[in-house]
Amino acid sequence: MGTDESTRLVVQNTDDNDAPEQDSFNVGKFVITGGGFMLDQYNLFIISPVLDTMKNTSIGDAEDSQKLVIKGLSICGAIFGQLIFGTVADVVGRKTAFMTTLSFVVLGSILSGSIPACTDAVSGHTAYWLLGVFQFLLGFGVGGEYPLSASVSRESSPDFKKIGYTFCMQGVGFILGPVVFLLLAEVFFTGSGSTDQMAIWRGALLFSAVPGLMLVYPRAKMLPPNAPPSDQVGFFEAMRSHQEINEDGVMATVPSSVMWRRLLGTAGSWFLFDISFYGNAILASDAFSLIGIKAAKTATPHHKVTDTSLHMLIVAGLGLPGYIVSLATVNKLGLWKIQMLGFIMMGFTFFLLAVLYHELKESTAAFLIVYGLTFFFSNFGPNYTTYILPTLLFPKDIRARCHGFSAAMGKTGAAVGVYGLALIINHYDDSSSGSDSDAETGFHIVSGLCAGVGVVGAVLTWLCIPRNAEQIGKSMNTTETTYVANDE
């Protein structure tokens, strides 16, 4: 049973001039903290080319239902990981949970890349089902990295901007996926347009284990011991009895309705954003095809691998400036304005794609600029803010659980984007006529739906996300002990 909040507050001096003395969170530490989180985006981008490469080996092609299940199991694993490890982090401790998530990441990566070679169609199907199971384990670990990386970053530094640095490791994962595939394609190029494709897909999956193994020792050294049980309170008790310094400078209990509205805001905005974010990833291949940037049907396996990787690299490059602008402007604009602006501009740019598609298609440069802005305002917008806001709006006792729940709702939105929007695209791609106009219709519809999601996200942000999230987080600095990471 938790003790009363007002009797167990540990007050710190949070004057800005004193902040650097408390801040031990440097570049090396945000790499250690965000390294596992980075692998979520790495695996998101490599799984499709991995499946495309596997079909050219003795394993053979997977059924469409198997491909959907494999991608779905990875997302389901992430949802379970976010919910379970968010709870473990709050109840047992950050260190135990954070080291366990890393173990699942390494195990899932090694098993995924070590599927036995197959000699017939039956064993080939078995290989795909095994890959699905192992991707679930990998997703389970990577999902747990969300609440842990964010919470540990928040509790390692009084400067919330440092959480943004950890988040930007996601951008590294975006770039890393296509770069690894390109390097593997060159290393295992066997001449005459052929590649050792078995080595390529195994290498891409096994690579996920490398950063994880490299992080084991420094992460174990950096993290402090688990918090003692006496420092913890129940989830619902914390939602009822949480105290903050109000505008009058007085410590006061925050109404539970306000806390639940915050959770609706963080979870709901993450859910909506990931519908369009993952839906946009589905649109990428169609977008390139419709403007004529695609590999020829007669292309060699080597060219297909490199072309796919280059397309992935273009997509990653389109969104990269958004990370930089978020970091550069967050102190001036604040998280609420960045999220609001991001949702509105995402809605506007998707609306342009839906309405002015034919005009934009006449110029590849114009199309890529508008399409690229959807990625830019994702990262200079809700992709950045949804990761940080739960760490500022909820106290340490329930921070990882609230972040994990919000992130799990985000992955649920990702499932809607991957499956729901993909069904629309596939319906028109597989239509009886098979014409470009049918593919364009699917692109129009999905772009319009993503535009609508942007509008709804802006409305939810207006209603449920506090405009002073940074001040709320700073208020919590006076009621929590910020731990100093181990530098010894």
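Helices in this tour are DSSP runs of H or I with at least four residues, numbered from the N terminus. The model is predicted, so local features need pLDDT of at least 70 and side-chain atom pairs count only at pLDDT 80 or more, while totals for chains, interfaces and linings use all residues. Residues are numbered from 1 along each chain as its sequence is written, and side-chain values use heavy atoms, with hydrogens and water left out.

**Stop 1: the rings**

Start by selecting F37 and F167. Rings of Phe, Tyr and Trp (its six-membered ring) pair if their centres lie within 6.5 Å; planes under 30 degrees apart count as stacked, over 60 as edge-to-face and the rest as tilted. The structure holds 26 such aromatic pairs. In this one the centres are 6.2 Å apart and the planes of F37 and F167 meet at 40 degrees, so the pair is tilted. F37 belongs to helix α2 (residues 27-54) and F167 to helix α6 (residues 161-167), so the pair ties together parts that are 130 residues apart in sequence.

F167 and Y323 make a tilted pair, 5.6 Å centre to centre with 35 degrees between the planes. Y323 is in helix α12 (residues 301-333) and F167 in helix α6, so this pair bridges parts 156 residues apart in sequence. To see the whole cluster linked by ring pairs, select F37, Y146, F167, W270, Y323, Y384 and Y387.

**Stop 2: the largest cavity**

On a 1 Å grid over the protein atoms alone, a cavity is a set of points where a 1.4 Å probe fits but cannot get out, and lining residues have an atom within 4 Å of a point. Grid points are joined across faces, edges and corners, and a volume is the space filled by probe spheres set on the points.

The largest cavity holds about 100 Å³. Select Y146, Q170, W270, D274 and N383, the closest to its centre of the 17 lining residues. Helix α11 gives the largest share of that lining, 5 residues.

**Stop 3: the second largest cavity**

Which residues line the second largest cavity? Select F45, F174, F277, V315, A316, G319, F375 and N379. This cavity has a volume of about 50 Å³. Its largest lining share, 3 residues, comes from α12.

**Stop 4**

How values were computed: Helices (H or I, at least four residues) and strands (E, at least two) are DSSP runs, numbered from the N terminus. On a 1 Å grid over the protein atoms alone, a cavity is a set of points where a 1.4 Å probe fits but cannot get out, and a pocket is an open set with protein on both sides within 12 Å along at least five of seven lines; lining residues have an atom within 4 Å of a point.
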